[in-house]
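Subject: Structure handover

Hi,

Here is the structure we talked about. Please open it alongside this note.

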Amino acid sequence: MNKPLNRNLHLALASPFLSCQNQPLFLHSKTQIVEQLQDSKDPLSLTSTHTNVQKLGFSNDTFITNHLINGYIRLKKIQDAHQLFDEMPEPNVVSWTSLMAGFIGTGKPKTALWLFGYMAWSPVVPNAFTLATVVNACSVSADLKIGRKVHAQVEIFGFQSNLVVCSSLIDMYGKSNDVDEAKRVFDSMGERNIVSWTSMITAYAQNAMGHHALELFREFNSLSIRPNHFMLCSVINACASLGRLVTGKVTHGAVIRNGHNSNDVVATALVDMYAKCGCLDYSNVVFNKIKNPSVIPYTSMIVGAAKYGRVKLSFKLFQEMTERGISPNDVTFIGVLHACSHSGLVDEGLEYLNSMYHKYGVVPNTKHYTCVVDMLGRIGRLDEAYRIAKSIHVKPDEGALLWGTLLSTSRLQGRVDIAVEASKWLIESNQQVAAAYVAMSNAYAVAGRWENVHGTRSEMKRNGVSKEPGCSWVEIKDYTYVFYAGDVDSCPRGGEVVSFLRELEGRMKERGYVGGSNGLVFVDVEEETKEEMVGLHSERLALGFGLLSVPKGVTIRVMKNLRMCRDCHEAFKLIRTFGNILEMVILPFASGVLIQLNSAHNPFTTRT
């Protein structure tokens with residue numbers, strides 16, 4: 001039990017500043033006291049009203065005390081609220097629920113859960129708001145185990161159809177990565193509101209299920225309910241994760257129609273979406289309309305500019321942000337280091353790394369050291385990169401990107417020794433196993449060590465390791481077409497696409513192109529298995545379909561789940577010279593790439 005809060009009010013009662021002479025507060029009814037409590041915006045006025053509550057003999061009144069508790073919670077004085085609660089002779093369900101919500105609001109969800117457990121020993125029965133609050137505590141603390149137990153309590157108390165409770169459950173399961181259970185709750189609801197729809201769409205978007213989020217948003221649009229800015233943010237994030245530029249633009253239109261274009265959270269999501277879809281100019285337009293951008297939109301612009309090769313813009317934005325007194329966060333520095341890596345500015349990158357903690361108080365993590373390893377590897381300083389990787393002690397899941405980056409750079413630089421070491425680390429840590437085996441095999445092949453190549457492939461088969469198939473997709477008129485390496489049967493307009501690619505390859509050969517080693521042959525490269533043909537890699541199928549399907553002047557955007565092989569990269573560079581294709585941009589996209597070809601006109605015959 002805490003010390004009585006009443007003692008803390010003796011000075012207040014005697015204080016001349018709060019006396020009736022200086023601040024007369026003649027409150028003679030509960031209504032007046034409640035109004036005074038609701039108007040209390042600072043600790044001084046709240047303490048003054050609390051003094052009058054005691055003077056007028058309402059200290060044991062549950063209704064008044066609940067308002068006092070909420071007043072202290074509103075001012076983030078959770079300990080004072082807790083003391084008041086402890087002094088209550090008969091706290092009711094509002095008292096319990098308010099204090100739980102207060103603990104959640106002050107970053108103490110575990111304490112809220114403890115309080116709910118303690119409530120079970122009292123005669124007070126939880127209501128729907130109590131259970132929704134407890135579910136929210138599980139959501140904030142990502143405690144799925146307790147969340148399931150609370151869900152059982154929801155069923156026991158008969159609130160399984162309550163809108164508020166069900167929406168909270170969907171949110172909790174979504175944040176705990178149990179999307180199937182979230183969907184079961186959503187499907188069981190006889191009635192849904194904007195919150196429940198938003199919670200389910202957000203659950204999909206936050207769990208790398210963007211396609212499902214967009215499908216559910218389409219279903220929502222058939223209803224006569226206007227989306228709120230929370231829902232639109234989740235839809236925009238889903239578009240960003242999928243690289244769905246067309247859908248993203250349509251959603252941007254919905255943002256404007258529904259009057260949310262001035263909302264900073266929505267604007268920040270749009271900046272991020274356009275940047276991830278390779279449209280940095282669009283990002284810049286939205287960014288410049290934000291009156292007082294915070295670190296988040298600045299960071300989205302810095303990261304996007306770095307990935308797009310706009311290094312000077314990244315540095316300019318970083319300088320502008322710091323000059324405005326906005327402190328960079330850890331993600332901001334990832335963008336800056338990425339810019340340094342892709343521009344070969346190693347010394348500058350190391351300076352930024354050293355300034356992170358000393359100047360800005362940001363502790364470098366594995367992602368920052370991964371950027372440094374990539375930065376050093378790109379200019380051939382692999383021994384330094386290897387020493388850095390070896391010096392960092394990380395958990396397997398955290399080190400996967402670090403060692404995967406070292407593997408990629410060492411293989412490209414022909415350092416078989418380091419490539420093998422990186423592959424072994426990944427395999428032993430059970431991280432990116434298939435990619436590590438394939439990269440190690442290719443490193444041996446480049447060095448002409450064919451016995452090691454066959455040994456590595458045999459080990460893959462013995463261990464049942466299979467590589468993720470190459471997959472690319474293009475978005476045309478808000479519809480996504482998916483292509484798999486070597487799979488002509490499932491390829492839209494497959495026969496036409498293959499004929500067109502062969503015709504295209506003939507034209508490339510006239511300019512000196514040698515595909516794989518002998519054109520359309522089977523080769524062993526990193527992104528595709530040996531049995532797949534270079535000429536029918538997924539990105540080529542997607543590009544061929546795009547060139548056949550889109551009208552002149554339309555940008556073709558090909559996204560892929562894996563990195564491009566070197567042969568396809570060279571082929572795409574050559575294709576851009578045909579006709580008058582002005583620009584080709586290859587961007588990192590999730591674990592793969594986004595290939596964008598902007599053309600003044602389509603140099604090929606469009607077949608419809």
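Below is what turned up, starting with a helix pair and moving on to salt bridges.

One caveat: this is a predicted model.

Helix packing

Start with α16 (residues 264–276) and α18 (residues 295–307). Their axes come within 9 Å. The crossing angle is roughly 5°. Angles under 35 degrees count as roughly parallel, so α16 and α18 are roughly parallel to each other.

Which residues make the contact? On the α16 side they are T268, V271, D272 and A275. On the α18 side they are I296, P297, S300, M301 and G304. By class, the residues of this contact divide into five nonpolar, three polar and one charged.

Salt bridges

How many salt bridges does a search of the whole structure find? The count is 14. Some of them are set out here.

D178–R148. The closest N and O atoms of this salt bridge are 2.6 Å apart. D178 sits in the loop between α10 (163–175) and α11 (179–188), while R148 sits in helix α9 (residues 144–156). The pair therefore ties together parts that are 30 residues apart in sequence. Is D178 buried or exposed? D178 has a relative accessible area of 14%, under the 20% cut-off, so D178 is buried. R148 is partly exposed, at 38%.

D272–K276. The D272 side chain meets that of K276 in a salt bridge, at 3.2 Å from N to O. Both residues lie in α16, four residues apart, about one turn of the helix. D272 is buried, with a relative accessible area of 18%. K276 counts as partly exposed, at 40% relative accessibility.

D374–R378. This salt bridge has an N to O distance of 2.9 Å. Where do the two residues lie? Both are in helix α22 (residues 366–378), four residues apart, about one turn of the helix. D374 is buried, with a relative accessible area of 14%. R378 counts as partly exposed, at 42% relative accessibility.

D383, R415 and D417. These three residues are linked in a network of salt bridges.

In general, side chains of opposite charge can pair when their charged atoms come close.

Best wishes

Key:
Residues numbered from 1 in each chain as written. Predicted model: local features only at pLDDT ≥ 70, side-chain atom pairs only at ≥ 80, totals over all residues. Heavy atoms only, no water. Axes fitted to C-alpha atoms, helices over the stretch in contact; angles between N-to-C directions. Helix = DSSP H or I, 4+ residues; strand = E, 2+ residues; numbered from the N terminus. Parallel < 35°, antiparallel > 145°, perpendicular 65-115°, else oblique. Contact = heavy atoms within 4.5 Å. Nonpolar A, V, L, I, M, F, W, Y, C, P; charged D, E, K, R; others polar. Salt bridge = Lys/Arg side-chain N within 4 Å of Asp/Glu carboxyl O. Buried < 20%, exposed > 50% of the residue type's maximum accessible area, 1.4 Å probe, protein only.
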